Amino acid sequence: MTENKPYHDAIELLKKLVATPSFSTSEENTAAVIETFFQSKDIPFNRHLNNIWCKNKYFDAARPTLLLNSHHDTVKPNTQYSIDPFSPIQKDEKLFGLGSNDAGGCLVALITAFCHFYEMRDLKYNLIIAATAEEEISGKNGIESILSLLPKIDVAIVGEPTLTNLAIAEKGLLVLDCISTGKAGHAAREEGENAIYKAMQDISWFKSYRFSKISETLGPVKMSVTSVNTDNKAHNVVPATCHFIVDIRVTDVYTHEEILEEIKQHVIAEVKPRSMRLRSSKIDKAHPLVLAGINLGKQTYGSPTTSDASLIPVPVLKCGPGDSARSHTADEFIYLSEIEDGINTYIKIIEQII
């Protein structure tokens, strides 16, 4: 392992972030840690709520801009932790702690890459680094809240644990609240119209229906009914209403609006989307940013998980050190070598385009 100063500084920053609780909506203290880091590097920064961002020293509005983004909020620790989740323990070439893998390693590697290019002149792209909040809950006070405050961006790298492979597309999320309506009646007599039976027809449709278009990178749209209930507590009353929830993972070949319209043509229930914000994202496999990663031997794939890429309205490459399989697990960790590889990967990808 190369003990260079940028790498050492990245590890020390990650340890401070791990040691500072930063549950979604309560990230003010990790925001302060990041501010202190940029102050130590004499890099001016901006802050809105718990989001911190900086521009490269010789930013030129006439040039296109590459956004580097990752988050500093975490979920609450898994109940099966055997160690203190806020103690950044370094052992066996691993750094343990809540948020070390998701997505602290990505964030400090992106910050280190940004610092590497910060003082360079005559770059083909401007660089903006944004350390943002509320990613874990897709909150409106995270990346979405600063997009209008940033200079125009043209493309982005979102740091999430991908083993530094290249997620060139990710599924969006559409959650539906569905209400089947019948008519109340006594269960012992032939009265009423059972809303559960109506809901069952629709639930069966959601289970079996297949959308015709299949994404090259993300495969088919996936629909799952995840909750069913009625307001009825009496055993002898035919329920008048039945509520059920549908989780839909939307691919890059459909818009949310197209999915919703097709569903409404087939089901009886009243269908209400909770949100239309979390869109699928993609970047062309021939984009210079992707080709730069391919040149390094990285693999491309479509990601089934949702990130801040869903809220950034430009082409997004999702890439970073760490393993998504470790995210939100007990005794979360990241290998130190993964952080070093992440720094080098980001720098080598960016070098090829700027």
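Modeller: In this predicted model, a strand is a DSSP run of E of at least two residues, and strands are numbered from the N terminus.

Biologist: How many residues of the lining of the largest pocket are charged?
Modeller: Among the residues nearest the centre of the pocket are Glu-135 and Glu-136, and Glu counts as charged. Across the whole lining there are nine nonpolar and eleven polar residues, and the charged residues number eight.

Biologist: Which residues lining the largest cavity are the closest to its centre?
Modeller: The structure contains one cavity of 30 Å³ or more, and the volume of the largest cavity is about 120 Å³. Its lining has 18 residues, and those closest to the centre are Leu-17, Ser-22, His-72, Thr-74 and Gly-99.

Biologist: Which helix provides the largest share of the lining of the largest cavity?
Modeller: Helix H1 (5-18) and helix H3 (100-117) each provide at least two residues of this lining. The largest share is four residues, and the helix providing them is H3.

Biologist: How many residues of the lining of the largest cavity are charged?
Modeller: The 18 lining residues are sorted here by class. Eight are nonpolar and eight are polar, and the number that are charged is two.

Biologist: How is the packing of H7 and H8 classed, by the angle between them?
Modeller: Helix H7 (residues 288-295) packs against helix H8 (residues 336-353) with the axes 9 Å apart and at an angle of about 130 degrees.

Biologist: Which residues of H8 make the contact with H7?
Modeller: H7 and H8 cross in a right-handed sense. On H7, the contact is made by Pro-288, Leu-289, Ala-292, Gly-293 and Asn-295, and on H8 by Ile-349, Gln-352 and Ile-353.

Biologist: How many residues in the contact of H7 with H8 are nonpolar?
Modeller: The contact includes Leu-289 of H7 and Ile-349 of H8, and both Leu and Ile count as nonpolar. By class, the contact has no charged residues and three polar ones, and its nonpolar residues number five.

Key. Residues are numbered from 1 along each chain as its sequence is written. This is a predicted model: local features need pLDDT of at least 70, side-chain atom pairs count only at pLDDT 80 or more; totals for chains, interfaces and linings use all residues. Side-chain values use heavy atoms; hydrogens and water are left out. Axes are lines fitted to C-alpha atoms, for helices over the stretch in contact, and angles run from 0 to 180 degrees between N-to-C directions. A crossing is left-handed if the near helix is turned anticlockwise from the far one by less than a right angle, and right-handed if clockwise. Contact means heavy atoms within 4.5 Å. On a 1 Å grid over the protein atoms alone, a cavity is a set of points where a 1.4 Å probe fits but cannot get out, and a pocket is an open set with protein on both sides within 12 Å along at least five of seven lines; lining residues have an atom within 4 Å of a point. Grid points are joined across faces, edges and corners, and a volume is the space filled by probe spheres set on the points.
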